[in-house]
Amino acid sequence: MPAFPRLLSACALLTFSAAALAQPAYPNQSIKVVVPFPPGGGTDIVTRMLLEKVRISTGWTLVVENKPGAGGNIGLDAVAKANPDGYTLGMAQTANLAINPSLYAKMPYDAAKAFVPVATVAGQPVVLVVNSASSFKTLADLVQAAKAKPEALSMASAGNGTVGHLTGEIFTRQAGIKTNHIPYKGAGPAANDLLGNQVDYYFATPQTVVSFIKAGKLRALAVSSAKRLVVLPDVPTVAESGYKDFNTSDWKMLVAPAGTPQSVLTRLQAEVNKALARPDTIATLQAEGSAPLVTTPQEAAKLLTSEQERWSSVVRSGGVKLD
């Protein structure tokens, strides 16, 4: 090669190398995390706690933006349409990534294609509770009563299509019973009616009912997870109560828009997993009835796919519809 072309080649290489070196390391600005629910709720509290642990470890600036509405769809839609540069993330859940796509006639985003998992965060079961004055002392008592009088018992839920509702659908099918589903507009009203003996049982989130259980106002018969909850160590799982392999949970997963660079995802996941491994993080999650959910990127993607298939099947087979 003549000297002049070789010189041009060398200059081009040096220019490219200098430009690559000049690229600022990620992150070089604040990172926004969209919480698709109102401030003060369970997802908001866990997100803020986690981000604070990441901030302490890294010094990063992390900002929460609450964008509630449509079962979490509005907030996640904003994430789906954001620039895939790692500076806009979203805290997704079982509902808005695995249940809503089958529940809503029209979705603003394609849950299977619009996002890439950054890291799983936590998993939380639901708790089957009855009023403390109820004659049901065990899950077997409830099933026996339901079989004796089909559709006589009433099952409360926080709303159609919630994890509690669909867990109840799975359980009634597996137990071979029929009960009357009463959907409420939120967890609080459902709990209030159970406390008032207006309904027979309720698959509730731990945050909603643990204080009532400890105060002796409600009785927990079972939890839906594969393992017992640290906060309710004496309450058996549904599987332990005779329903093999029964396991449902409401998981939280940090996601980014599809197309986000792998190097950014790897950096984010490493810091999230480090925060989840902290003893104070584990203690905080366990106190509210959750457990850290640490996975590899491949495991997170597999979980998302399998959960979308599972819950869509439950919605379709149960004929579940929004109010």
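**Entry 1: a pair of strands**

I began with Asn-131, whose bridge partner in strand 9 is Leu-218. Strands here, like helices, are DSSP runs numbered from the N terminus, with at least two residues (E) for a strand and at least four (H or I) for a helix. I then noted that strand 5 (residues 127-131) and strand 9 run antiparallel and are joined by five bridges; two strands pair if DSSP finds at least two bridges between them. I reminded myself that strands of a sheet pair through backbone hydrogen bonds, either parallel or antiparallel.

Before going on, I wrote down that this is a predicted model, in which local features need pLDDT of at least 70 and side-chain atom pairs count only at pLDDT 80 or more, while totals for chains, interfaces and linings use all residues. Residues are numbered from 1 along each chain as its sequence is written, and side-chain values use heavy atoms, with hydrogens and water left out.

I looked up the order of the open sheet of five strands and found 7-6-8-5-9, with mixed pairing. Strand 7 (180-183) and strand 9 (218-223) stand at the edges with a single partner strand each, so one side of each has no neighbour in the sheet. On average, neighbouring strands of this sheet are turned by 30° against each other, direction ignored; axes are lines fitted to C-alpha atoms, for helices over the stretch in contact, and angles run from 0 to 180 degrees between N-to-C directions.

Next I checked which helices lie against these strands. Helix 6 (residues 163-175) lies across strand 6, strand 7 and strand 8 (201-204), and runs at about 120° to strand 8. Helix 8 (residues 206-214) packs on the sheet and touches strand 5, strand 8 and strand 9, its direction making about 45° with that of strand 5.

**Entry 2: Ser-157**

Leaving aside residues up to four places away in sequence, I listed what Ser-157 touches, including Thr-162, His-165, His-181, Tyr-184 and Tyr-202; a contact means heavy atoms within 4.5 Å. The side chain of Ser-157 makes a polar contact of 2.7 Å with the side chain of His-181. A polar atom of the Ser-157 side chain also lies 3.1 Å from the backbone nitrogen of Gly-159. A polar contact is a pair of N or O atoms within 3.5 Å; within protein, one must be able to donate a hydrogen and the other to accept it, and residues adjacent in sequence count only if both atoms are side-chain atoms.

**Entry 3: strand 3**

I then moved to strand 3 (residues 88-93), where six of the six residues are buried, so strand 3 is largely enclosed by the rest of the structure. Thr-88, Gly-90 and Ala-92 are buried on one side, and Leu-89, Met-91 and Gln-93 are buried on the other. Strand 1 (residues 31-35) runs parallel to strand 3 and is joined to it by three bridges, with Val-33 opposite Leu-89. Strand 10 (residues 250-257) pairs with strand 3 in the antiparallel sense over four bridges, and there Ala-92 stands opposite Met-253.

**Entry 4: the chain as a whole**

Last, I noted that the protein chain has eleven helices and eleven strands, and that 48% of its 323 residues count as buried.

Definitions and conventions. Buried means under 20% relative accessible area, exposed over 50%, partly exposed in between (1.4 Å probe, protein chains only).
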